[in-house]
Structure formats: C-alpha cells, structure tokens
Amino acid sequence: MAAQDPEWFTAQQNFTMYEPGIEEEIPEVFKTYHHIPVLLVAYLAVVKHYGPRLMKDRKPFSLKNVRMIYNLIQIVINWYICTLCFSLVGNGISDPWGNGCYPVTSVTRDPNAYKMIVKISYYYYLNKILDFIETVFFVLRKKQSQVSFLHIYHHVIMVLSIWLSIFIIREENIVQIAAINTLVHVVMYVYYFLSGLGPAIQKYLWWKRYITRMQLVQFLMGMTTLVKMTVTGCRNDTRFLYLWYFNSLTLFGLFVHFYIKTYLPKKKKE
C-alpha cells in the first residue's frame, strides 16, 4: 500500500475554504509540499556550497545590466501585487487593528473576492521564489558577505511560511501581509535600481536606512494584527497565529540587530 501524505501537508483537506479552490488555479507541482524541500535544498546548496566553490578561482561577474533588468521586473511585479491587494479592499488593508480578523471579507462584498485572494496569494508565492535570484547574484559577484544568516533565513522562511499560509492554513490575512510587504519591496527595488545607475545618482540615495525602518514597521504592523486576532478571539486558524508570531518576532529581532550594526554609530574604545 502506497504511503499517503500527512493531512497537515496537503492542500486537499481545505479545498472548500477558498471558492474556487486554489487547486483549480495552480500547477500540479505546487499542490503538495514535495517541491518545498527540493527548492530549498537546491537554493542552499547553490548559494552556500556549489556557487562559492565555482567562483573561488574566478573573477566576479558584474551583472550590472542583468541586475538592472531584475530590479525593474521586481518593481513591476511587486507593484502589481500591491495594487491587486488595495483594489480588492481599498485602504482597509492598511488598518491592521480594525480589520484584523478578516481584512478582505469584512470590507468588501465583491462576489469574486475569493478568486482574487487566490490570484494574489499565488502570485505572491511565486514572487518569493523569484527573490532567490538576488542571492545567486551575490554569489556570482563574489559578495559572499551579503549572503548572511539574515538574508538566507529571510528568504527561506518566507517561501515556507507563505506556502503553508496559502495552500494549507488558508487565511485571507495573507492578503494583508502581501499588501504591506510588496509595498516595502517596491521602495526597496526602486532604491536598488537607482543605485545601479552609478555615483551620479548614488549621492542622492541618503534614504537607504529608511527602507530598513519600513521593514521594521511592517513587522510591527503584523504583530499588531496578530495581537488583535488573539485578544478579540478571532475564529482564525491558530496555526496562522503561531506561524506568523514566530516569523514576525524572529525577523523583527534580526532586522533590529542589522539596523544597529549597520547604521548606529559605534562607540570608540578609549
């Protein structure tokens, strides 16, 4: 008798939560968890072992034009996903306290809302996979110091958590996460694109630290929503709460450490 997948790791058990079921909208490969370990192991192997080994005795690639195109693509994709979120529920998506339990269905009566949630969720997940390319660029440019624990952890935990959130747990709150996160990423990739234009533009890019501040605010907004969901007894899947409490707290801590290390002046030793 063939072994069956654990119910917790299959999307089929929650088929009726989204109408139409997300299974009707996605390729077969994403319907179960099997692609996740393959994807993550391949990513870690390339950026931590095979990539640095390949580049050891080679000169770094510039990849300037490729990176510029990549940054433009990321700006367009993130802006598109962000506009989908806001077009669905308007400014209500930015009120994590008032619309914490059901940020979509509490502010819209659109009969196609669930179809849009599926669309946003799927595009958002694919975009998190696309983010892996950034790390590959670091490796090919021999910027291995930028392949930090924070960088790797952030990319890996987001792919894993978003897949669990949209294919297993299936809470509409993922739209709120996607809206704020993609907005931050639009600003971030605009910065990267402008920075790639050279020293003539870079001297005006004094606002880099504010991108990290935006990311910290993002995590605080997420934790505010989770607190609201907890204290008001929202009838949401508790797995969503546990998962995103963990993500928000760990990422907030790591980004605070990065901010202090990078931007705050160090005390001189006497």
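Tutor: Contact means heavy atoms within 4.5 Å. The model discussed here is predicted: local features need pLDDT of at least 70 and side-chain atom pairs count only at pLDDT 80 or more, while totals for chains, interfaces and linings use all residues. Residues are numbered from 1 along each chain as its sequence is written, and side-chain values use heavy atoms, with hydrogens and water left out.

Student: With which residues is phenylalanine 240 in contact?

Tutor: Neighbours within four places in sequence are set aside, and phenylalanine 240 then contacts Ser165, Ile169, Glu171, Asn173, Ile174, Ile177, Leu226 and Met229. One of these, glutamate 171, is 69 residues away in sequence from phenylalanine 240, yet their C-alpha atoms are 7.3 Å apart in space.

Student: Why is phenylalanine 240 called buried?

Tutor: Its relative accessible area is 2%. Buried means under 20% (exposed is over 50%, partly exposed in between, with a 1.4 Å probe and protein chains only). Phenylalanine 240 therefore counts as buried. Phenylalanine 240 belongs to helix H9.

Student: What makes asparagine 181 count as buried?

Tutor: Asparagine 181 has 3% relative accessibility, so it counts as buried. This residue sits in helix H6, residues 174-195, and touches Tyr124, Lys128, Met158 and Gln218, apart from residues up to four places away in sequence.

Student: How do you know that histidine 151 is buried?

Tutor: The value for histidine 151 is 12%, so this residue is buried as well. Histidine 151 lies in helix H5 and, leaving aside neighbours within four places in sequence, contacts Tyr43, Glu134, Thr135, Phe138 and Gln146. Over the protein chain, 46% of the 270 residues count as buried.

Student: How many helices and strands does the protein chain have?

Tutor: The protein chain has nine helices and zero strands. Both are DSSP runs numbered from the N terminus: helices are H or I with at least four residues, strands E with at least two.

Student: What makes H8 and H9 roughly antiparallel to each other?

Tutor: Their axes, which are lines fitted to C-alpha atoms over the stretch in contact, come within 9 Å and cross at roughly 155 degrees. Angles run from 0 to 180 degrees between N-to-C directions; under 35 counts as roughly parallel, over 145 as roughly antiparallel, 65 to 115 as roughly perpendicular and the rest as oblique. H8 and H9 are therefore roughly antiparallel.

Student: Which residues touch the most other members of the largest nonpolar core?

Tutor: They are Ile120, Tyr125 and Trp244, in a core of 54 residues. A nonpolar core is a set of buried Ala, Val, Leu, Ile, Met, Phe, Trp, Tyr and Cys residues joined through side-chain atoms within 4.5 Å. Helices that each supply at least two residues to this core include H1 (35-55), H2 (64-89) and H3 (113-130). H5 gives the most, with 14 residues. With neighbours within four places in sequence left aside, isoleucine 120 contacts Ile81, Leu84, Cys85, Leu88, Val175 and Ala178. A second, separate core has 10 residues, among them Leu63, Tyr70, Met188 and Tyr189.

Student: Where does UniProt place the feature "transmembrane region"?

Tutor: The unreviewed UniProt entry gives residues 72-93, 122-140, 152-169, 175-194, 214-231 and 243-260; such annotations may be inferred rather than shown by experiment. In the model, residues 122-140 are 95% helix and 0% strand, with end C-alpha atoms 29 Å apart. Residues 243-260 are 100% helix and 0% strand, and their end C-alpha atoms lie 26 Å apart.
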